[in-house]
Structures are given as structure tokens and as C-alpha cells.
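I record what I looked up, entry by entry.

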2 protein chains.
Amino acid sequence: MALGALHRSPLVDQAAESLREQIAEGLWPVGTRLPGETTLAKTLGVGRSTVREALRALAGAGLVQARQGAGVFVIATSPAEDWTSRLRRAAVADVYEVRMLVEVQAARLAARRRTPDDVTALHAALEARRAAARDGDAAFVDADIALHAAVVAAAHNPVLTDLFAEFVPRLREGLVALVDLLDLRAGDPNPGDHTHAAFVDAVERGDADGAGRVLQEELEQTLGRLRRAG
Amino acid sequence: MALGALHRSPLVDQAAESLREQIAEGLWPVGTRLPGETTLAKTLGVGRSTVREALRALAGAGLVQARQGAGVFVIATSPAEDWTSRLRRAAVADVYEVRMLVEVQAARLAARRRTPDDVTALHAALEARRAAARDGDAAFVDADIALHAAVVAAAHNPVLTDLFAEFVPRLREGLVALVDLLDLRAGDPNPGDHTHAAFVDAVERGDADGAGRVLQEELEQTLGRLRRAG
DNA sequence: ACCTCTCAGGTTGTCTGAGGAGTTGTCGTG
DNA sequence: CACGACAACTCCTCAGACAACCTGAGAGGT
């Protein structure tokens, strides 16, 4: 359960996830036949067509293979999936927590390594975030993420930059839903402006501890909201 | 559509393949909505259930995403590229640095969240690392990584655990090469035993700051060696 | 003119029932 | 023992019905 976190997940996804876990746990090793559709339907407590669609999803992911007349066979226990779709399945709060861990440390690095160009880019991103205060939630979230991406870029580690980029789609999705759900911008259309400015300032001064602290406080607040919303 | 022509493969697979090709050709760019299931059923000449299963297969592969009441949306035109292969192209020092950032924060989380089972696993991993001191470099590196993986697992965040697992192959490769190159185990076959023990102890005591500090010092030392060796 | 609310139409989600097509193991016969 | 018929399973496909949900247009009030 708790698949979508912010929205109820369809039975098909729950069934697919349940089967995926049981396969990952080794309940049905590679090469073995899964129970029949009608059996699985009774076991999982859903209709037969739902089971079929769940099995199709697993087949699309390369986990199982159906042979007409014979049955459905396990062809891989490890998802062998790409990281982006793994993130899509994970709870938003878990993704956000990891993002927080990564970015807080990235900010400390950025405070030590930022170049004059980085500082210029940071100020531009901060201004863009302010300008986006007039726009819709999605545009504001985009501007916010762009600022954080600029910080990560200032750490000058290509692996770190790519890693953060992987998180962006899922983060964007979750944050837009959160802002909309809690109506975060009802009172202030530009929430967090002060902390973000202080944060950019700390990076510019080369204050690693300060930048990490301010960012952690800011992100932990949002993480708490995500946890309560989920 | 010439779907009925070759009846070798099931209709579902043919329909999924047909849709996959049209998506790859750019007929429906990323973000656009696919025609409705009933429409697709008529154009493809199959029943609605068949279309649904074909769409599920594409969803399992991460190409489309269905939203109840709204439609089925394209989220990728081709299966996303592999993150592991990207890590393989990156410099070992960059990968190791990111690993350090992630794991230091993971250790702080672990100190707050570790269960009695986690503590047991940590002690077992520490003992296994000591036992591996008698073995070859590769086996010792494996035991070392296993201990660090146990710490990350104690943070109880599935995304974090998976993320660390992504790093393991590249880390292992780089560390084995480093140990061999610098002959790190020439004097002491069990280097870092004292710091690792202190580190496990800090996690057990719930000392987040201490665990983070000890781990960071340990990892930074190796990172420095990697930078000089590279 | 603007905003809010309601509602109808369209969309995916889920279940049921029915029959078709293929595979596999059993059993009787030679 | 060899072999063919057969029954019992399996997945495949379709049709229909209803529920849950989203979206945009229009009514109504401010």
C-alpha cells in the first residue's frame, strides 16, 4: 500500500506491487509457474481482469512471461528497471528525504567550491523564483527546483548533478500536488523567500555550515508536510 | 491496421508493439494524451480489454501513465537509459564523493532509527569484515561494502537503500583497484578496523553527530587517496 | 466583468460471464 | 512399451455493465 502517497492507487497497481514483492522475495524463483489467474484473483481479493492487467504490467517490466495454455512464468526476480521508474513507484516522502540528505551535503560542497559564475547563476535563479511568485503553482515549483538545481550544480560534481536531475520529475510531481493540496501559497505567494535568500547568501560567503543548516531546516519543514499529507 | 494478418503472437502483444512504435515515432509526444480506450479499440480492431492490457504493458515499461478520469499520458518515448552505465563512465572519485555525501547523512538517520535487528546486523557485518582480513583484497572490499550497506539499510528508507545499491558495483571496482595499487593492506591486513568499530558503536548509541563525523573522516581519507591515485 | 458552483459528458477502473485456443498429463489400446 | 484420443487445465479475447473520477462549459451570483 501507500503507493501513490498523495492519491489513492488503483487496485491494479496494488496487485502488481504485491506480486512484484513476492517475486522479489523469492516466493516464486525464476522459471517457476505462477498460480492461475483465478487463483491469484481469489488470493489477492480482486477480479480476474485486474489480475491480468497487473500481470501485463509485470510482463512489460520484463519480470514475467505468459504462455497461452501453459501459464505465467517468472523470467527475472530483480526488476532490472531504470532508476527513474523506480522513483516513480516510491513514496514521495521517501524520495524527498533522500533529496534532502543529498542536497544538504551538496550545499556544503557548493559553499566551498562556488565560482563567480555560480554566484551569478544563483542570484538569477533567486530572482526568477521571486518573479514566479506571480505565476501558477506549477511554474513556481519549477522556479524553486531550478534554484536548488543551481546550488547542486555549484558543487561541481557531475555525478551529483545527474543524480539530482533524476529526482526532479518525481519531486516536481509531489511538490505541485502538495502546494495545491495544502494551499501553501494562500497567504504568501512567495513562501520561503527569506530562507532561500539567506541560503544563497551563505553559499556566496562560503559558509558551509550555515548553508547546510538553513537548507536542512527549510527542507525538513516541507518533508514534515509531505509526511502528514501522505 | 494489419493486425489480424499474422496471428502468431497474442493480440495484446501486437497492439502494444503497434502503440510503442507510434510513440517512438513521435506521433504522441511526451505529455500528450492518447486517444481513449474505446477509440483505440476501434482503430486497432481489438476489444477494449485487449487495449487496456496493452496499455498496462507499456505502463509497466515506463512509457505511459494512466490517470483515472483524465486519460492515458505519454511520459517517455523510449525506455530510459541505464543509471548504472552512467556511473561506469563517471570518474571514481566523483562517484565516491557522492557516496560519501549520501552515506554520511544516511548514518545520521540510521543513528536515530536503528532497530535492535539493525544493531545485530551491524555487529555481524563488522565481525565479517574482521574475518575477511585473512582473505584477498576483493573479498575484504566486499565485506567492507557490506558493512556500509548495513548502515544505509538501518536508515529505513527504501529509496536510499536502492540508491546505495546502485553505487556498489562502481565502488567495488574502484576500491579493489585502489587497494591493489597502493598496497593498502601491506602493513595492516584489516585497515580501518578501529574507526569502523567506533562508527558502529556511535550508531548503536544513537549518536547521530558522532556517527556522521567518524564516517566522514574515514571516507574523506579514502577519497583523498582516490584523487591522488587518479 | 469576474468569480464560484453545478453538472453533464467523457475517461479510466473494476467486475462478471462467456467462449476460443493452446498445452499438458492421463489413460486406454495396440 | 509406444502411441493416439481425450479431458482438464491454462491463457486469450470479447462484450457488457456499473463505479469512480476528471474536465470543461454554462448557470448563477457578486
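How many nonpolar, polar and charged residues does the surface near DNA strand D have? I find 7 nonpolar, 9 polar and 2 charged residues there. Here Ala, Val, Leu, Ile, Met, Phe, Trp, Tyr, Cys and Pro count as nonpolar, Asp, Glu, Lys and Arg as charged, and the others, Gly among them, as polar.

I note that this is a predicted model, in which local features need pLDDT of at least 70 and side-chain atom pairs count only at pLDDT 80 or more, while totals for chains, interfaces and linings use all residues. Residues are numbered from 1 along each chain as its sequence is written, and chains are lettered from A and ligands numbered from 1 in the order in which they are written.

**Entry: the DNA strands**

I looked up what surrounds DNA strand D and found 18 residues, the closest being Gly36(A), Leu11(B), Gly47(B), Thr50(B) and Gly69(B). I took a residue as near a strand if its C-beta atom, placed from the backbone, lies within 6 Å of it. Two or more residues each come from β2 (71–74) of chain A and from α1 (11–24) and α3 (48–60) of chain B. Helices (H or I, at least four residues) and strands (E, at least two) are DSSP runs, numbered from the N terminus.

At least two residues each are supplied by α1 (11–24) and α3 (48–60) of chain A and by β2 (71–74) of chain B. The most, 3 residues, come from α3(A). By class I recorded 7 nonpolar, 9 polar and 3 charged residues near DNA strand C.

**Entry: chain B against chain A**

I found 36 residues of chain B in contact with 34 residues of chain A, contact being C-beta atoms, placed from the backbone, within 7 Å. On the chain B side, α3, α4 (83–89), α5 (92–113) and α8 (158–182) each supply at least two residues. The largest share, 9 residues, is that of α5(B). I recorded 21 nonpolar, 6 polar and 9 charged residues on this side of chain B.

I then looked up Leu58(B), which lies in helix α3 of chain B. Leu58(B) counts as buried because it has 26 C-beta neighbours inside 10 Å; the cut-offs are 20 or more for buried, 12 or fewer for exposed, and partly exposed in between, with C-beta atoms placed from the backbone. Leaving aside residues up to four places away in sequence, Leu58(B) touches Gly60(A), Ala16(B), Leu19(B), Arg20(B), Leu63(B) and Val64(B).

**Entry: helix α7 of chain B**

I checked the length of α7(B), residues 137–153. Its 17 residues should span 24 Å at 1.5 Å a residue, and the end C-alpha atoms are 24 Å apart, which agrees; the expected span is 1.5 Å times one less than the number of residues. Among the buried residues of α7(B) I list Phe140(B), Asp144(B), Leu147(B) and His148(B). The cover over the buried residues includes α5, α6 (116–131), α8 and α9 (193–205) of chain B.

**Entry: Glu218(B)**

I located Glu218(B) in helix α10 (residues 208–229) of chain B. Glu218(B) counts as partly exposed because it has 19 C-beta neighbours inside 10 Å. Not counting residues up to four places away in sequence, Glu218(B) touches Gly192(B) and Thr195(B).

Methods:
Contact = placed C-beta atoms within 7 Å.
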